[in-house]
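Here are some notes to read alongside the structure. Please keep the sequence and the 3D view open while going through the points.

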Amino acid sequence: MDAVEELKQEAGIAACKYVKNGMKIGLGTGSTVKYTIIELGRRIAEEDLQIIGVPTSEATKELAESLNIPLSDLSEIEKLDLTIDGADEFDPNFDLIKGGGGALTREKIVALASNAMIVVADDRKKVSTLGQFPLPVEVSISDWDEAKEKISPICPGKINLRMKNEEPFVTDNGGYILDCNFGPMISKPDIYEKKINSIEGVVEVGLFVGICDVIIFSSLSGIQILTKPNGRL
């Protein structure tokens, strides 16, 4: 395991201290939160931890099932106690860009159904202003080109249809992803979230505004925990 992976692992495991017996947990998607899921699987096996997980992607579902983590669907649970997920960027206001893994829609639905949200990351994801990471926007397959055209006046940079193996990447929901190159200029993410979500053909935008309560990130100097003032944790 290289140094970056070790840092991700430390952050992912650190988030598990917030997980208590009887909790219903949203299980995020990504390269850091996978270590959270692995640690939860270990605690279930070795410490008899009792939880129910709600996965945000098929990949997370497969990982959780392989670790014998009991799972449920969000439709069967009224409210989640906590969601633990990753982020592609986070700013000083605890606002996020997510969707690099293509699971932004389910991730947002699960996060909004939770009493609190913890983000695990490494220090490369910390930014002063969101937007250097291309903003993912999930769009319907039938309307993706029209949606792209309508997003263009809002986004100052290039908008790319996400590809995989020379074919358009298809999300677990059956949509496409547009990666929108804003550059580090999204200082008012709530405005961009509303504008883009109002466009016909847009399923969801990867701006998570006012949802995150705690950020746990790792750096060469160790684990840092940022808690949002007046947050829910």
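1. The model is a predicted one. Start with helix H1, residues 3-14, which lies across strand S6 (117-122), strand S14 (214-219) and S15. Its direction makes an angle of about 150° with S14.

2. Those strands belong to an open sheet of 6 strands, in the order S2-S1-S3-S6-S14-S15, and the pairing is mixed. At the edges are strand S2 (52-55) and strand S15 (222-227), each of which pairs on one side only. On average, neighbouring strands of the sheet are turned by 20° against each other, direction ignored.

3. Strands of a sheet pair through backbone hydrogen bonds, either parallel or antiparallel. Strand S1 (residues 24-27) and S2 run parallel and are joined by 4 bridges. Gly26 stands opposite Val54 in S2.

4. Helix H2, residues 33-47, lies across S1, strand S3 (82-85) and S6. The helix runs at about 125° to S3.

5. What does the largest nonpolar core contain? This core has 24 residues, and Val19, Leu40, Ile69, Leu82, Ile84, Ile118 and Ile216 have the most contacts inside it. At least two of its residues come from each of H1, S1, H2, S3, S6 and S14. H2 gives the most, with 4 residues.

6. Which residues does Ile69 touch, leaving out those up to four places away in sequence? They are Leu27, Ile37, Leu40, Gly41, Ile44, Ile51 and Ala64.

7. Another core, of 22 residues, lies apart from the largest one. Among its residues are Ala147, Tyr176, Phe182 and Ile196.

Definitions and conventions:
Residues are numbered from 1 along each chain as its sequence is written. This is a predicted model: local features need pLDDT of at least 70, side-chain atom pairs count only at pLDDT 80 or more; totals for chains, interfaces and linings use all residues. Side-chain values use heavy atoms; hydrogens and water are left out. Two strands pair if DSSP finds at least two bridges between them. Axes are lines fitted to C-alpha atoms, for helices over the stretch in contact, and angles run from 0 to 180 degrees between N-to-C directions. Contact means heavy atoms within 4.5 Å. A nonpolar core is a set of buried Ala, Val, Leu, Ile, Met, Phe, Trp, Tyr and Cys residues joined through side-chain atoms within 4.5 Å. Buried means under 20% relative accessible area, exposed over 50%, partly exposed in between (1.4 Å probe, protein chains only).
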